[in-house]
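Below is a short report on a single structure. It covers the nonpolar core, helix packing, a ligand site and some backbone geometry.

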Amino acid sequence: MNILLLSGSFHSKSKTLALLHNLSSFLDEHELEIPKLDSLPFYSEDLSDEKPEIVSDFLLQVESADGLLICTPEYNHSIPAVLKNAIDWASRPAFNSPLKDKPVSIITQAASPVGGARAQAHLKLILDSTLSNIHMCHEMMVTNIDNIFDQNMNIVDTKVLTRLERHVNDFIRFANGT
Ligand SMILES: Cc1cc2nc3c(=O)[nH]c(=O)nc-3n(C[C@H](O)[C@H](O)[C@H](O)COP(=O)(O)O)c2cc1C
């Protein structure tokens with residue numbers, strides 16, 4: 001099974017990326033990829049006929065994935081532009097894009113007790129527009145993100161790890177249609 005991991009943050013100390021890397025222990029039989037969405041140009045119709053290679057490569061990754069697992073921080077009560085831009089690229093042609101019927105699951109993280117809930121809701125609305133197959137589940141929000149890692153960015157909060165494992169396993173079943 002090929003699960004494509006999408007991140008909403010790419011800086012060198014990103015907790016989102018760290019969280020996604022921690023998921024590898026639950027996904028070790030599966031192919032793991034985290035495309036660098038921050039290298040994609042801004043979506044433009046001027047580029048859509050002859051897409052830059054980096055865009056075509058990303059679209060191919062989305063197309064060939066059995067499912068997308070998105071993890072993102074909340075930015076100003078919504079999702080970061082880098083993630084929105086990637087979804088915009090993958091969303092064309094409208095209603096018949098690589099995102100159509102694609103199983104997608106969402107994890108948000110924040111320092112706040114709200115856990116990025118508003119970003120989560122916005123992301124669901126966006127994925128509605130792409131006719132994606134949204135993984136309906138207990139919403140997976142990680143709160144208190146600054147205190148779940150050790151100094152090597154391994155998750156040491158066992159409750160969070162257990163919830164993440166349950167979420168990922170549930171998503172794999174969902175993406176498998178089982
Ligand atoms: C531009 C910007 C806007 C933000 N807006 C919110 C917000 O609306 N709600 C929230 O909980 N955190 C907000 N934050 C905090 C980040 O979401 C939070 O620090 C997150 O854990 C960072 O994840 P990262 O380390 O993967 O980049 C914002 C941060 C930035 C840089």
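The largest nonpolar core has 41 residues, of which Leu-6, Leu-68, Ile-70 and Ala-86 touch the most other members. Such a core is a set of buried Ala, Val, Leu, Ile, Met, Phe, Trp, Tyr and Cys residues joined through C-beta atoms within 7 Å. Buried means that 20 or more other C-beta atoms lie within 10 Å of the residue's own, exposed that 12 or fewer do, and partly exposed is in between, with C-beta atoms placed from the backbone. Helix H6 (residues 158–176) gives the largest share of this core, six residues. Helices (H or I, at least four residues) and strands (E, at least two) are DSSP runs numbered from the N terminus.

This is a predicted model: local features need pLDDT of at least 70 and side-chain atom pairs count only at pLDDT 80 or more, while totals for chains, interfaces and linings use all residues. Residues are numbered from 1 along each chain as its sequence is written.

Leaving out residues up to four places away in sequence, Leu-6 touches Leu-37, Leu-68, Ile-70, Leu-83 and Ala-86; contact means C-beta atoms, placed from the backbone, within 7 Å. In helix H1 (residues 15–22), Lys-15, Thr-16, Ala-18, Leu-19 and Leu-20 are buried. Their cover includes strands E1 (2–7), E3 (67–73), E4 (103–109) and E6 (140–142).

The axes of helices H3 (residues 53–64) and H4 (residues 81–90) come within 10 Å and cross at roughly 80°. Axes are lines fitted to C-alpha atoms, for helices over the stretch in contact, with angles from 0 to 180 degrees between N-to-C directions. H3 and H4 are therefore roughly perpendicular, a label for angles of 65 to 115 degrees. Val-55, Phe-58, Leu-59 and Val-62 of H3 meet Ala-86, Trp-89 and Ala-90 of H4.

Around the ligand there are 16 residues, the closest being Ser-9, Lys-15, Thr-16, Pro-73 and Ala-110; a residue belongs here if its C-beta atom, placed from the backbone, lies within 6 Å of the molecule.

| Residue | Phi | C-beta atoms within 10 Å |
|---|---|---|
| Asn-76 | near 45° | 8 neighbours |
| His-77 | near 65° | 12 others |

Asn-76 lies in the loop between E3 and H4, and His-77 is placed in the loop between E3 and H4 as well. Arg-92 and Pro-93 are joined by a cis peptide bond with omega about -10°, and Pro-93 is in the loop between H4 and E4.

Key. Two residues are in contact if their C-beta atoms, placed from the backbone, lie within 7 Å. Angles under 35 degrees count as roughly parallel, over 145 as roughly antiparallel, 65 to 115 as roughly perpendicular and the rest as oblique.
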